[in-house]
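Subject: Model for you to look over

Hello,

Here is the structure I promised to pass on. Please open it alongside this note; my findings follow below.

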Amino acid sequence: MEKVRIQDDLYQAVNGQWLQQAVIPDDRPTTGGFSLLDQNVEKTLMDDFDSFAKGTKTTDVETMDQAIKLYKKIIDTERRNEEAIQPALEILNQLSLIDCPEKFNQKAKELLLNKVVMPLTFSVETDMKDANKNSLMIYGPSTILPDTTYYDQFKEAGDKLLKVYSDMVEKLLAFTPLTIEQQQQYLKDTLEYDSLLAKKVKSQLEWADYVNNYNPFNLSEVCQYVKPLDLEGLLRSIYDDKIPEVVVLADVKAVKEMNFYFNEENFVKFIHWSYVKTLVSYSPMLSTEMAHIANSYRLALLGVKQDPTIEKQAYQVVSRTFAEPIGVYYGRTYFGEEAKKDITNIVKTIIETWKNRVARNTFLQPSTKEKAIKKLSTIKTKLAYPDKVRDIFKKFIVDDNDSYFTVMNKIYKVVISDELEKVNKPVDKDEWLMPAHMVNACYDPNRNDITFPAAILQAPFYSINQTISENLGGIGAVISHEISHAFDNNGAHFDENGNINDWWSQQDYDNFKKQTQRMIEQWDKIEYAGGKVNGELVVSENIADNGGMAVTIEIMHNTKDSDFKQYFTNWAKIWCMKATEQYLQYLLVNDVHSPAKLRANIQVRNFEEWYQAFDVNQNDQMYLPEDKRIIIW
């Protein structure tokens with residue numbers, strides 16, 4: 001392989017040899033960076049679950065006994081194949097017999113609790129204008145394809161995926177009691193109904209504007225929009241006299257125009273669409289043959305070659321279902337207190353450096369700076385894993401006599417009921433948004449907190465055996481990235497209490513928007529994976545990367561024996577990723593993060609330290625003229 005100069009391509013120079021030799025697992029769309037760590041965590045916990053199942057290992061973490069029972073039930077393929085579709089037929093048959101909105105309304109609560117695909121979906125989330133209370137969020141339906149652009153802009157790719165989906169559904173419908181003529185009609189109606197929805201729902205670009213998902217309406221007004229669905233009756237069956245008077249619409253157009261696709265004319269198509277989508281969602285919990293068929297669309301969408309082993313499927317389901325107890329087990333078993341203490345100090349240093357940079361900021365007035373520093377001072381940190389498992393997991397009971405499907409259906413009912421009940425309860429600000437075994441990190445603008453699960457706190461992101469320069473280029477930049485979300489184009493709308501609040505002066509916010517526009521333009525239309533980057537879609541994450549790097553570079557200047565070559569090299573390492581072509585294209589359209597290679601290569605060009613570290617000049621491909629460089633924070 002021809003050696004690549006680091007001055008021409010940082011990402012390739014650092015990762016090229018590994019990328020050439022790396023093999024993407026047949027059951028995954030990607031490897032490297034985050035994914036490689038996730039694979040390692042998965043293997044560790046799969047080995048543990050194998051030992052739990054055999055009785056050669058035990059744990060005293062609360063509710064893990066039920067997680068182990070569920071794991072055993074999933075790998076009992078003999079029973080699953082014997083039961084086949086039978087456990088789900090009662091619900092599917094009920095749905096197929098509904099022939100008018102009135103009958104649907106009568107069964108709406110039962111259907112909702114059985115996780116039947118509904119014309120509307122509900123979620124209880126922190127109210128964006130009062131972060132101490134919960135609000136009922138109402139979403140419209142979702143399309144088969146992952147984004148509206150697949151129906152027009154990327155129609156060729158969309159048509160191929162719809163063909164895969166159709167073939168998958170055709171095979172699954174053959175397991176049902178429906179006649180062949182009915183099966184054909186259900187599939188035809190599903191595709192026609194989906195094409196109606198594609199014209200009504202938000203695109204990923206629209207969803208990326210987080211604040212515009214907050215649209216409070218009086219319930220009485222929304223009830224008029226969604227007729228003939230009896231929304232008030234459904235909510236009254238759930239809440240009795242405590243029915244919320246105000247609800248929040250996340251996708252206003254989809255809900256307001258619901259009478260277009262949930263009416264007498266299209267009702268039969270809706271039922272057929274709901275039946276098909278519910279069947280697809282149920283199939284992974286039925287026979288192994290149905291589970292395999294139901295995964296074919298995902299394989300095509302992401303370019304994955306084959307299903308995971310049955311043991312891996314079992315672990316992945318249990319890992320999602322019992323996420324918090326498994327995370328606590330992982331954290332207690334595999335995370336060291338020395339690392340926790342070290343990371344805590346890094347977080348404190350980053351926040352203090354952020355404050356200093358805000359104080360020196362040149363486009364903010366003193367009053368805005370003061371409020372920004374106050375927001376930084378009140379950021380809460382959730383590090384490694386929570387102290388205890390929430391009580392809801394005690395309600396997840398795995399009955400030996402129940403089928404795999406029935407167990408999951410009962411758990412879903414507990415989860416859905418618990419979620420809906422939160423409307424009349426205060427926000428639990430101690431709840432973690434990510435379990436400890438997840439290789440990720442996040443900032444929550446509604447809580448003004450950052451979460452760093454134990455699983456991401458390992459090399460190349462972090463290690464007590466790495467230099468401080470490497471750790472700052474890895475986990476330091478990631479921590480600062482998450483803090484930067486408090487001041488990106490979405491987070492900037494929220495105050496220190498997590499409420500939407502215009503705490504900026506208009507002049508300051510106008511200046512910030514100009515900076516944001518420059519960031520959009522720096523990235524917009526860069527060619528990648530057969531398409532082009534949408535600078536507007538990825539702007540919030542790019543602002544966060546830019547801020548993350550600016551703050552950690554300043555810390556480097558104040559750190560003894562710092563080495564900027566190590567810093568930038570490790571920055572490139574953490575974004576190392578090898579992926580299928582289909583997955584790269586999927587991310588380009590759907591992900592608010594820029595492609596990994598570009599994250600490694602584009603941001604560094606904004607900083608003078610990059611040019612000094614590797615003697616980069618205007619003759620090198622990694623050079624960017626000074627007037628094009630952007631540092632927002």
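β2 and β3 pair in the antiparallel sense, over seven bridges. Strands and helices here are DSSP runs (helices are H or I with at least four residues, strands are E with at least two), numbered from the N terminus. Two strands count as paired if DSSP finds at least two bridges between them.

A word on the source. This is a predicted model, so local features need pLDDT of at least 70 and side-chain atom pairs count only at pLDDT 80 or more, while totals for chains, interfaces and linings use all residues. Residues are numbered from 1 along each chain as its sequence is written, and side-chain values use heavy atoms, with hydrogens and water left out.

The four-stranded sheet

β2 and β3 make a hairpin with two residues between them. Within that pair, E125 has S135 in β3 as its bridge partner. The sheet they belong to is open, has four strands in the order β2-β3-β5-β4, and shows mixed pairing. β2 (121–127) and β4 (216–218) are the edge strands; each has a single partner, so one side of each is left without a neighbour in the sheet. From one strand to the next, the twist averages 40°. Angles run from 0 to 180 degrees between N-to-C directions, with axes fitted to C-alpha atoms (for helices, over the stretch in contact).

Which strand pairs with β3 in the parallel sense? Strand β5 (residues 246–249) does, over two bridges with β3 (residues 130–139). M137 has V248 in β5 as its bridge partner. I138 stands opposite L249 in β5. Helix α11 (residues 231–239) packs on this sheet and touches β2 and β3; its direction makes about 65° with that of β2. Touching, or contact, means heavy atoms within 4.5 Å.

The three-stranded sheet

A second open sheet has the order β6-β8-β7, again with mixed pairing. Neighbouring strands are turned by 15° against each other on average, direction ignored. β6 runs parallel to β8 (residues 449–453), and five bridges join the two. T381 stands opposite I450 in β8. Helix α22 (residues 468–484) lies across β7 and β8, running at about 150° to β8.

Helix packing

Helix α19 (residues 337–359) packs against helix α24 (residues 539–557) at about 100°, with the axes 9 Å apart. That makes α19 roughly perpendicular to α24 (the class covers 65 to 115 degrees; under 35 is roughly parallel, over 145 roughly antiparallel, the rest oblique). On the α19 side, T349, I350, T353, W354 and R357 take part; they meet A550, V551, T552, E554 and I555 in α24. Five of these contact residues are nonpolar, three polar and two charged. Here Ala, Val, Leu, Ile, Met, Phe, Trp, Tyr, Cys and Pro count as nonpolar, Asp, Glu, Lys and Arg as charged, and the others, Gly among them, as polar.

Helix α25 (residues 564–574) has these buried residues: F564, Y567, F568, N570, W571, A572 and I574. Buried means under 20% relative accessible area, exposed over 50%, and partly exposed in between (1.4 Å probe, protein chains only). The elements covering them include α1 (10–21), α2 (33–54), α22, α24, α27 (596–602) and α28 (608–613). At the start of α25, a side-chain oxygen of D563 comes to within 2.9 Å of the backbone nitrogen of K565.

Loops to check

Is K200 buried or exposed? K200 is buried, at 13% relative accessible area. K200 sits in the loop between α8 (180–197) and α9 (204–207). Its side chain makes a polar contact with the side chain of E257, at 2.5 Å. A polar contact is a pair of N or O atoms within 3.5 Å; within protein, one must be able to donate a hydrogen and the other to accept it, and residues adjacent in sequence count only if both atoms are side-chain atoms. Leaving aside neighbours within four places in sequence, K200 is in contact with D251, K253, A254, E257, F260 and Y261.

There are cis peptide bonds to look at. The bond from K227 to P228 is cis, with omega near 10°; P228 is in the loop between α10 (219–225) and α11. The bond from A459 to P460 is cis too, with omega near 5°.

Best wishes
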